[in-house]
Amino acid sequence: MNSEKLHRVFLGLGSNLGDKEANIRNAISLIGERVGLVVRQSSLISTEPWGFESDNQFVNACVLCETTLTPRQVLLATQRIERELGRTHKSVGGHYADRLMDIDILLYDDLRVDEPDLQIPHPLMLERDFVMIPLGEIRD
């Protein structure tokens, strides 16, 4: 039996290229394999792009995982999943673009992290309905 503490991590997922629903399903499957048990999953919602203009609607969802990984390990695992699903680069300096897969760490237990490449809670989540609506479905 694993004696490591289980942490609750909420992840936000988004895709606006290719088979968006399949991209989200594939990401959730990989999250379950590499991050931890997916104990809750929101419905998929269709949303307008946020922070940039595009003709491509997004499909967004949130999941709750139980994980033994540290926040940094979760970040590395989700970045690897993004790359495997076709993500070529992360948004930098507030410049957003179309993407096959985006996975954001929204919350990790009640932890606060403020590092250059990792902020928990996610600093923009309260401004984003495409995060707050699906997150609201699965939070206690």
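Modeller: I'll start with the core, then go to the helix contact, the salt bridges and a few spots in the backbone.

First, the ground rules. This is a predicted model, with local features needing pLDDT of at least 70 and side-chain atom pairs counting only at pLDDT 80 or more, while totals for chains, interfaces and linings use all residues. Residues are numbered from 1 along each chain as its sequence is written, and side-chain values use heavy atoms, leaving out hydrogens and water.

Now the core. In general, nonpolar side chains tend to be buried together in soluble globular proteins. A nonpolar core here is a set of buried Ala, Val, Leu, Ile, Met, Phe, Trp, Tyr and Cys residues joined through side-chain atoms within 4.5 Å. Buried means under 20% relative accessible area, exposed means over 50%, and partly exposed is in between (1.4 Å probe, protein chains only). The largest core has 26 residues, and L11 and L13 are the ones that touch the most other members. At least two of its residues come from each of β1 (7–15), α1, β4 (58–67), α2, β5 (102–108) and β7 (118–120). Helix α1 gives the largest share, five residues. (Those labels follow DSSP runs numbered from the N terminus: helices are H or I, at least four residues, and strands are E, at least two.)

Leaving aside residues up to four places away in sequence, L11 touches I31, A61, C62, V63, C65, V74, T78, I103, D104, I105 and L106, where contact means heavy atoms within 4.5 Å. There is also a second, separate core of ten residues, with F10, C62, L64 and L107 among them.

L135 sits in helix α3 and is buried, at 1% relative accessible area. Its contacts, not counting residues up to four places away in sequence, are F10, C62, L106, L107 and M125; of these, F10, C62 and L107 belong to that second core.

Next, the helices. Helix α1 (residues 20–34) and helix α2 (residues 71–84) have axes that come within 10 Å and cross at roughly 145°. Axes are lines fitted to C-alpha atoms, for helices over the stretch in contact, and angles run from 0 to 180 degrees between N-to-C directions. On the α1 side you'll find A27, L30, I31 and R34, facing A77, I81 and E84 of α2. By type, the contact has five nonpolar residues, no polar ones and two charged. Nonpolar covers Ala, Val, Leu, Ile, Met, Phe, Trp, Tyr, Cys and Pro, charged covers Asp, Glu, Lys and Arg, and the others, Gly among them, are polar.

On to the charges. With a salt bridge taken as a side-chain nitrogen of Lys or Arg within 4 Å of a carboxyl oxygen of Asp or Glu, the count comes to four. E84 and R34 form one of them, at 2.8 Å from N to O. Because E84 lies in α2 and R34 in α1, this pair ties together parts 50 residues apart in sequence. Both are partly exposed, E84 at 46% relative accessibility and R34 at 31%.

R72 pairs with E115, with 2.4 Å between the closest N and O atoms. That bridge links helix α2 to strand β6 (residues 113–115), 43 residues apart. D104 pairs with R128 at 3.9 Å between the closest N and O atoms. As D104 lies in strand β5 and R128 in the loop between β7 and α3 (129–138), the pair ties together parts 24 residues apart in sequence. D104 and R128 are both buried. Through shared partners, salt bridges join R72, E115 and D117 into one network.

Last, the backbone. The peptide bond from I120 to P121 is cis, with omega near -5°; I120 is in strand β7, P121 in the loop between β7 and α3. I120 is buried at 2% relative accessibility. D109, in the loop between β5 and β6, has a positive phi near 45° though it isn't glycine. The C-alpha atoms of I120 and D109 are 9.7 Å apart.
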